[in-house]
Amino acid sequence: AIELVGVAKEYVSRRGAVTAVETVDLRIAQGEFFSLLGPSGCGKTTTLRMIGGFEEPSRGQILLHGVDVTATPPNRRDVNLVFQSYALFPHLDVAGNIAFGLRRKGVARAEARRRVGEILELVELGALADRRPRELSGGQQQRVALARALVNRPRALLLDEPLGALDLKLRETMQIELKRIQREVGITFVYVTHDQGEALTMSDRIAVMNKGRIEQLAPPRELYERPRTGFVASFIGTCNVLRRAVRTVTTEGTGPVATLDAAVDERLMTALRPELGELSTGSVVELTVRPEKIVITADRPDGDVCALRGRVTEVVYMGTNTTYTVLTPGGVELVVFWQNSSDASDLAGRGDEVWLSWRPEHSY
Ligand code: ADP
Ligand code: MG
């Protein structure tokens with residue numbers, strides 16, 4: 001549905017040039033919920049605005065449904081943009097706000113009324129059709145803004161941090177709502193957010209952006225379980241990183257495995273992925289492991305697992321889980337998320353010496 005080929009954007013002012021988007025290549029499928037995720041300033045909004053036609057690329061091409069629209073103005077692109085600020089008309093009621101664009105496009109009154117009714121049902125605002133924007137909560141205003149964009153039946157909807165102004169609880173409700181609405185209307189959504197939880201919850205695929213480039217483009221699970229760069233690993237969720245030298249590399253069995261430096265009777269190893277290239281003894285690598293993959297035990301674990309000793313420095317009870325911070329001999333603190341089960345007694349307390357272990361395939 002949407003294709004970006006070598007798209008770049010530089011802003012030039014009297015103070016010099018700013019590279020907002022260095023280069024972006026991506027293809028978004030029809031009906032896909034696609035997110036651009038990354039820290040503030042990485043070029044998400046600029047990329048979205050170029051898709052919408054509100055900014056012209058400095059280089060590259062943009063195709064919508066196979067047609068080159070790089071030079072096409074926004075109103076002729078068959079896409080609609082939803083902002084964080086809803087920009088509703090204060091003097092019009094909900095139905096009037098939604099119908100506004102339709103009437104301007106010359107849709108007949110009866111047809112407009114039918115379509116507005118349909119959209120009001122979809123966003124669950126039927127009962128509030130004759131309220132003014134100031135009589136609505138933030139979440140309801142956001143729904144009106146969404147309805148106003150959807151009623152035009154664009155082939156794609158571009159959303160720039162649309163839930164950013166809502167409080168956490170409401171944001172979570174709206175995430176599920178937005179996903180439902182997208183599924184029901186079947187329109188392509190391009191969604192910009194800096195919130196990794198939000199992107200993981202809603203997206204079919206996510207492009208993680210950093211400094212004007214895409215670092216990785218993949219479905220949520222793949223991004224989380226197999227991040228390709230340190231940036232992606234630490235931006236998506238919490239992760240522990242150990243820097244260690246390679247002691248040996250063996251290639252028998254399922255593939256290359258590196259055993260890393262560890263203290264006496266500890267054991268650290270990792271499967272080597274092809275994209276890392278050749279690794280030699282002595283080179284320093286970063287071993288990454290997610291907090292929920294680590295098991296805490298009092299005794300040294302048996303079997304073919306990574307195992308490391310440490311002392312508990314912090315225990316934070318959080319209801320469904322407890323977060324342990326464990327100081328390891330190299331001076332690195334590892335974070336462990338422990339799922340609390342119904343028979344949970346205290347696993348370990350501050351100051352306790354414990355063993356941390358995980359399966360080698362859970363580190364990368
Ligand atoms: P994001 O949405 O990811 O926070 P933006 O796309 O808004 O990032 O901005 C990317 C970079 O481009 C930032 O460094 C920002 O300051 C710069 N930038 C954005 N818009 C303009 C503009 N109109 N003029 C100059 N620089 C801009
Ligand atoms: Mg932005």
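Predicted model: local features only at pLDDT ≥ 70, side-chain atom pairs only at ≥ 80, totals over all residues.
Helix 2, spanning residues 94–104, packs with helix 4, spanning residues 138–150, at an angle of about 30°, and their axes lie 8 Å apart. The two helices, helix 2 and helix 4, are therefore roughly parallel to each other. The crossing that helix 2 makes with helix 4 is right-handed. On the side of helix 2, the contact involves Val-94, Asn-97, Ile-98 and Gly-101, which meet Val-144, Ala-147 and Arg-148 of helix 4. By class, the residues of this contact between helix 2 and helix 4 comprise 4 nonpolar, 2 polar and 1 charged.

The residues found around ligand 1 are Tyr-11, Val-18, Ala-20, Gly-38, Ser-40, Gly-41, Cys-42, Gly-43, Lys-44, Thr-45 and Thr-46. Two or more residues of this shell are given by each of two elements, namely strand 2 (16–28) and helix 1 (44–52). Of the elements, helix 1 gives the most to the shell around ligand 1, with 3 residues. When the shell around ligand 1 is divided by class, 4 residues are nonpolar, 6 are polar and 1 is charged.

Two open sheets may be described in turn. In general, the strands of a sheet pair through backbone hydrogen bonds, in either a parallel or an antiparallel manner. One open sheet has 4 strands in the order 13-12-11-14, and its pairing is antiparallel. The edges of this sheet are taken by strand 13 (268–271) and strand 14 (284–289), each of which pairs on one side only, and the twist from one strand to the next averages 50°. Within this sheet, strand 12, made up of residues 257–260, pairs with strand 13 in the antiparallel sense over 4 bridges, and Ala-258 stands opposite Thr-270 in strand 13.

Another open sheet has 5 strands, which follow the order 15-19-16-17-18 with antiparallel pairing. Strand 15 (295–297) and strand 18 (333–339) stand at the edges of this sheet and have a single partner strand each, so one side of each is left without a neighbour in the sheet. The twist here averages 45° from one strand to the next.

Technical notes. Residues numbered from 1 in each chain as written. Chains lettered and ligands numbered in written order. Axes fitted to C-alpha atoms, helices over the stretch in contact; angles between N-to-C directions. Parallel < 35°, antiparallel > 145°, perpendicular 65-115°, else oblique. Left-handed = near helix turned anticlockwise from the far one by under 90°. Contact = placed C-beta atoms within 7 Å. Nonpolar A, V, L, I, M, F, W, Y, C, P; charged D, E, K, R; others polar. Near = placed C-beta within 6 Å. Pairing = 2+ DSSP bridges.
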